[in-house]
Amino acid sequence: MNEFLEENLGTLVTTAGTVVEGKTAVAPEVVRRARRRIDVDDLFEGVRAGNRTKLARAITLLESTAPAHKVLAQELLVKLLPFSGKAMRVGLTGVPGVGKSTTIETLGLKLIEEGHRVAVLAIDPSSTKSGGSILGDKTRMSRLSAADEAFIRPSPSAGTLGGVAKATREAMVVLEAAGYDIVIVETVGVGQSEVAVAQMVDTFAFLALAGAGDQLQGIKKGVLEMADVISINKADGKNLRPAKRAARDLMTAMKMVRSSDQVWTPPVLTMSALEDDGIDKFWQAIEDHVEAMHENHLFDENRANQQIKWMWSMVHETLLQRLNANEAVQTESTLVEKQLRSGQLTPTLAAQRIMEAFDKGRAPNAGLDD
């Protein structure tokens with residue numbers, strides 16, 4: 001581990017509180033009790049050795065919302081970080097029913113045959129009412145999940161922005177440190193999940209269908225702007241001709257939303273993941289995109305920019321947590337919500353009142369230990 005990481009790890013351990021709940025940092029004693037149950041060094045050694053049980057426990061630690069667990073999770077990540085970053089990161093999105101799981105399974109089995117180790121982070125949508133998830137991706141990818149060279153981790157989106165599981169980025173670090181050289185992130189295919197996933201992968205692939213409503217399925221311009229590879233799936237049987245027609249339509253649409261002076265022109269392909277037809281070309285397009293990024297010296301720059309975006313997303317999330325936990329905000333929100341319901345206040349003024357309450361409710365020297 002380099003000196004910089006060692007220094008940051010020391011700071012994390014001595015303060016025992018980069019996680020703040022309300023106004024109180026995590027008490028060192030709480031962290032010590034958690035450490036008696038969770039051996040970070042043991043998890044580190046297990047992950048590096050490729051122990052699947054320890055790998056699953058490490059990701060579970062990352063997903064935990066317990067304040068003490070967050071501290072231990074960061075300790076583990078700092079240890080693992082020097083051993084990560086060497087995998088190819090691929091994002092896959094598309095409307096529900098487009099065949100994402102079938103595509104990943106067919107592709108994953110092919111990659112394993114070629115000597116790769118494949119990890120899949122399948123983001124499962126959480127219910128907005130109960131907060132629960134089905135987490136059925138292992139069932140949909142039964143053959144791939146049974147392979148020793150594959151690791152599939154279904155994770156609930158847990159209400160995070162874009163439906164992306166909160167710990168997905170960190171789980172990628174753990175999987176790479178465990179020796180998986182290809183990490184595929186499957187999105188829920190709804191809302192803003194595409195944006196979040198596109199900002200954490202090297203290549204962002206979009207799957208579409210032909211014959212489902214209009215040919216472009218109401219595809220948002222933003223998705224086409226982000227996609228590096230596009231493929232019309234289920235191009236078989238009577239769907240073959242409509243798929244080819246939809247591919248032509250998408251190619252025309254791409255010319256309208258993508259600049260012609262870019263170093264990469266996203267290809268629009270057709271394939272049938274179920275019949276294993278066109279998967280090779282699909283993967284070749286992904287490899288070609290990564291190679292183009294390297295040749296134009298954009299690969300490392302892209303990953304560096306992703307780290308910065310990751311930092312700011314964590315800042316925004318932490319601020320929201322502190323806002324929700326602030327006692328003054330909780331008191332004020334009850335009042336302004338009543339006034340909003342009765343029409344006595346506008347949403348803009350209500351938001352201003354909440355922020356004023358937050359500012360007043362913080363100590364003058366507010367910081368990590370405020």
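Reader: How many of the residues of strand β7 (residues 203–208) are buried?

Author: In strand β7, 6 of its 6 residues are buried, so the strand is mostly covered. Buried means under 20% relative accessible area, exposed means over 50%, and partly exposed lies in between, with a 1.4 Å probe and protein chains only. Helices (H or I, at least four residues) and strands (E, at least two) are DSSP runs, numbered from the N terminus. Before we go on, this is a predicted model, in which local features need pLDDT of at least 70, side-chain atom pairs count only at pLDDT 80 or more, and totals for chains, interfaces and linings use all residues. Residues are numbered from 1 along each chain as its sequence is written, and side-chain values use heavy atoms, with hydrogens and water left out.

Reader: What makes both faces of β7 count as covered?

Author: Thr203, Ala205 and Leu207 are buried on one side, and Phe204, Phe206 and Ala208 are buried on the other. In a regular strand the side chains alternate between the two faces of the sheet.

Reader: Which strands are joined to β7 by bridges?

Author: Two strands pair if DSSP finds at least two bridges between them. Strand β3 (residues 88–94) and β7 have 5 bridges and run parallel, with leucine 92 partnered by alanine 205 of β7. On to β8 (residues 229–232): 4 bridges join this strand to β7, again in parallel, and phenylalanine 206 stands opposite isoleucine 230 there.

Reader: Why is α9 described as largely enclosed?

Author: The count settles it: 10 of the 10 residues of α9 are buried, so the rest of the structure largely encloses this helix. Among them are Arg169, Glu170, Val174 and Leu175.

Reader: Which residues have the most contacts inside the largest nonpolar core?

Author: They are Val47, Leu55, Leu76, Val174 and Leu175, in a core of 41 residues. The name applies to a set of buried Ala, Val, Leu, Ile, Met, Phe, Trp, Tyr and Cys residues joined through side-chain atoms within 4.5 Å. Elements giving two or more residues to this core include α3 (40–48), α4 (52–63), α9 and β6. The largest share, 7 residues, comes from α5. A second, separate core has 33 residues, including Met88, Ile184, Ile279 and Ala285.

Reader: And what is leucine 55 in contact with, leaving aside its neighbours within four places in sequence?

Author: Leucine 55 is in contact (heavy atoms within 4.5 Å) with Val47, Phe151, Val174, Leu175, Ala178 and Tyr180.

Reader: How do you know that glutamate 176 forms a salt bridge with arginine 89?

Author: A salt bridge needs a side-chain nitrogen of Lys or Arg within 4 Å of a carboxyl oxygen of Asp or Glu. The closest N and O atoms of glutamate 176 and arginine 89 are 2.6 Å apart, so the pair qualifies. Glutamate 176 is in helix α9 and arginine 89 in strand β3, 87 residues apart. Both residues fall below the burial cut-off: glutamate 176 at 6%, and arginine 89 at 12%.

Reader: What makes the pair of arginine 303 and aspartate 202 a link between parts of the chain?

Author: Their side chains meet in a salt bridge at 2.7 Å, N to O. Arginine 303 lies in helix α14 (residues 299–325) and aspartate 202 in the loop between α10 (193–198) and β7, so the pair ties together parts 101 residues apart in sequence. Arginine 303 counts as buried at 11%, as does aspartate 202 at 6%.

Reader: Why is α6 called roughly perpendicular to α13?

Author: The axes of α6 (residues 100–113) and α13 (residues 279–295) come within 10 Å and cross at roughly 80°. Angles under 35 degrees count as roughly parallel, over 145 as roughly antiparallel, 65 to 115 as roughly perpendicular and the rest as oblique. That makes the two helices roughly perpendicular. The axes are lines fitted to C-alpha atoms, for helices over the stretch in contact, with angles from 0 to 180 degrees between N-to-C directions.
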